[in-house]
Structure formats: structure tokens, C-alpha cells
Amino acid sequence: MVWKKNDEPPHPEPTPAAPPRPAVPTPSPAQAGGPTSSHEPPRRTDRATIGASIFIKGDLSGEEDLVIEGRVEGKVDLKQNNVTVGKNGKVKADVSGRVVTIEGEVTGNVFAREQAILRQSGAINGNIQAPRVILEDGSRFKGSIDMETPKELGGLNRERDLRPETSHLEANRAEVAGVKAGA
Amino acid sequence: MSWFSPRSSSPRKEQQGRVQTVAEPEVHRSLALAALFDDIRGRKVQVLDLGPALGSNVEFLSQFGCKLFIEDLYAALATRTPSGDGELAGPEFFAEFLAIPEETRFDVIFAWDLFNYLQRKELGHFAARLSRHCDRGARLFALISILKTMPAQPFRFKIQDEQHLIYERRTSTERPSPRYAPLEVTDIFKGFRVDRSFLLRHGIQEFLLVKD
């Protein structure tokens, strides 16, 4: 096609300024619905905290990270998220999470999909089941540690197939069961 | 607090929760440890560690894919024998503090230098309790002092690699050593035999007992 002078597009007419619109929050890239974000769940970066003065009896589950600084009796089940028992935290329960970090006291079994960390200030009276376990010197631990590799865990239902055959905590389990029944 | 307790504040020093040893840790070659790891290589084993929970040991043992039980008997003895002598730990004591489920069986037991801190009668009760959880072929690793005196508190042992142990001494004070002889050990640990024994230059005799 040969360019001709008449083909030149006309300059756009200046338009009056658009009337001011009410301010709205600018959507974040995730909210804007990009090609990837439309298929992914919104990323959760928040974490819930159970404060030092809180006492919970019963089961805890959810889809965000959890920090426990208070007391929990029952069951903590956040398999896809990180669970931290803070220095003030006292948990009488089985704790399941992706990365489970213990800085306080846990009486119960710990199941971590990726890693279990027992900090120097922490204490566990129970069994740990995780592919990787870190015990800091000075921490207190009584129980067993089963470090299964992810390959070994493939296709298994952790809770069903890898439930410890034995536990040092039968009495505690019974106590927790009693709590749950009453909760 | 007793001489036994790994969490004692005296004579061991603690600063901000960190354990301080009274001397620089010593690294010694361990021939029995090397033999033990050769024996269990490639097997999924159940291990009982009778010492305190140490991250380095847990990390090292993780390469063997073992299931590790930790029962800090040193700490338990601290609650039972305040002065380290006098009142003996009887069968009830070991039943209470080694509250291992009856059906559990161990392939490897790390007794470390525990024998040195148990009187002969106590050692008998201890052996009887452990035997219940060992099938034929189970291995027990123990370190016995052959010197006249030994540290008043047990060492903390860290596995550096398959052939080396780190000895962390926690007190400068000494106490008489029982100096159990190999025949005495097999007499106490009925059902076990001394599979291998190595006398090391720093005054420790290593024992690898095997359940018959």
C-alpha cells in the first residue's frame, strides 16, 4: 500500500478533561486479575495469633499460618500452613503443619510436612514425624523422631498410614480426647 | 540441682540458655562407632539414644533413615539421685523413666558413658529393662572409663562423623571411676555378648555389645 497524504489520520481533537471521579483504591496486581492470578488463590501472607491470655479447648484448623502464644488443648491441624508455638505457648495436642516451630511447650505429637524445628527454649513430650528435624541444643525432647523422606511418604495418607504405632502419650491422648468430647 | 542434670546451672555455666562446657570439646576417633555404622548401613533401624537430645546427633542419624527414640536417662537420674550416690535407681525407676511401649524393639542403643554413672546393681536393673526391648542382633554402644577418676558429670557426646565423637566435658571436678571390666559387663548384661571392644588412648574403652 502506498502512503498518500490524505491517508494521514487526523489529529485527535483535544477533549475536555474528564470529570473528576471518586477516588477508589488502586487494585493490586493480584486483584487486577492478571493471567496467572485469575487461576491462583489469593496469596495469604497474614498469620493468626492466639494471644498469651487465650485458652482454647477444641480443634483448630484453617488456611493461614498460626502463632500460638496462649494455651491450646485439643488438636491443631493446619497441614498446608506454618504453625509456631511461641515461647509462652503451651499446647496439649497433636500439631500438624507444613513447617512446625516449637519455642514453647508441646505435649503431643508433631507432624510436619516439610520441617519440624525445636528451638532452644522449646520442649516436646511426644513424637515428631517430619522429613527434616532440627533440634537446637538446650531444647528438651522426650519421644521418638521419625524422619521419613518425601519419597517414602508418597501416596500415603500421613494421618492414616503413618500414625505412630506406639506413643508415650497414651494418657495425654486420653486426656485430649476427653477435652474434645467435652468441647 | 544435682551433678547429673544436663540443665543444671552449677557447676556448668549457662548464659542466655546456652550450654557452656568447662573445657574445649575434644574430638576422638571412635572405632566402635565406625563398626556400628558399618553394621547398620542400608537398614532402616530403630535407635534409642539415652543421652540428651542433640541436634547434631539427630541430623547425623537422619541419613540412616532411622526412627530415633530419645530418652534422656541422665536427666532422669538427676531427679532420682541428688548426690550421685546413696539411693539407688531400682527397677521401678527404669520402668518409669524408660517408659517405652512394650512392643517397641530397638536395633541400636546409644548408652554413651552411662555405665560409668550407675552402680553395679543399678546397671543390672538397667540391663534387664533394656533387654526387653532388644531382639537378637540388637547393638548397644557404651563407653567405659578405665582411668582411676573420671569427670563428676557425664560427657555430652556429639557424633562428628562415622568415625569421630566430640566429647564435651561439663565439669572440671573428678570422681572415682567404677572401671567395669569386659567380663563384668557381660555378666551384668546377660544375653548380650561383647562383639567388639576398643581401648582408646584417652582412657576410654569402647564396647559394642550384641544381643544373642
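Visitor: Among contacts in chain A between residues at least 6 apart in sequence, what percentage join residues at least 24 apart?

Guide: This is a predicted model. Take the contacts in chain A between residues at least 6 apart in sequence. The share that joins residues at least 24 apart is 14%.

Visitor: How many helices and strands does chain A have?

Guide: Chain A holds both kinds of element. Its strands number 12 and its helices four. The count is four helices and 12 strands.

Visitor: What percentage of the residues of chain A count as buried?

Guide: Chain A has 183 residues. A residue is buried when its relative accessible area is under 20%. In chain A, the buried share is 38%.

Visitor: How much area do chain B and chain A bury between them?

Guide: Interface size is often given as the accessible area lost when the parts come together. Here the contact takes 20 residues from chain A and 25 residues from chain B. Carbon and sulfur atoms carry 47% of the buried area. The total for chain B and chain A is about 2,000 Å².

Visitor: How many salt bridges does the rule find across the interface of chain B and chain A?

Guide: One salt bridge joins the side chains of Asp137(A) and Arg156(B), with N to O at 3.4 Å. A salt bridge needs such atoms within 4 Å. Across the interface of chain B and chain A, the rule finds four.

Visitor: On the side of chain B that touches chain A, how many residues are nonpolar, polar and charged?

Guide: Across this interface, seven residue pairs are in polar contact. On the chain B side, α2 (55-62), β5 (67-70) and β9 (156-161) each supply at least two residues. The residues on that side divide into 11 nonpolar, five polar and nine charged.

Visitor: Why does Arg156(B) count as buried?

Guide: Arg156(B) lies in strand β9 of chain B. Its side chain makes a polar contact with the side chain of Asp137(A) at 3.4 Å. The cut-off for buried is under 20%. Arg156(B) counts as buried because its relative accessibility is 6%.

Visitor: Is Tyr74(B) buried or exposed?

Guide: Tyr74(B) sits in helix α3 (residues 73-80) of chain B. Buried means under 20% relative accessible area. Tyr74(B) has 2% relative accessibility, so the label is buried.

Visitor: Which residue's backbone nitrogen does the side chain of Tyr74(B) reach at 3.1 Å?

Guide: Tyr74(B) and Leu50(B) are 24 residues apart along the chain, with C-alpha atoms separated by 7.5 Å. The side chain of Tyr74(B) also reaches a backbone nitrogen at 3.1 Å. That nitrogen belongs to Leu114(B).

Technical notes: Residues numbered from 1 in each chain as written. Chains lettered and ligands numbered in written order. Predicted model: local features only at pLDDT ≥ 70, side-chain atom pairs only at ≥ 80, totals over all residues. Heavy atoms only, no water. Buried < 20%, exposed > 50% of the residue type's maximum accessible area, 1.4 Å probe, protein only. Contact = heavy atoms within 4.5 Å. Buried area = accessible area lost by both parts, 1.4 Å probe. Polar contact = N/O pair within 3.5 Å; in protein donor to acceptor, adjacent residues only side chain to side chain. Nonpolar A, V, L, I, M, F, W, Y, C, P; charged D, E, K, R; others polar.
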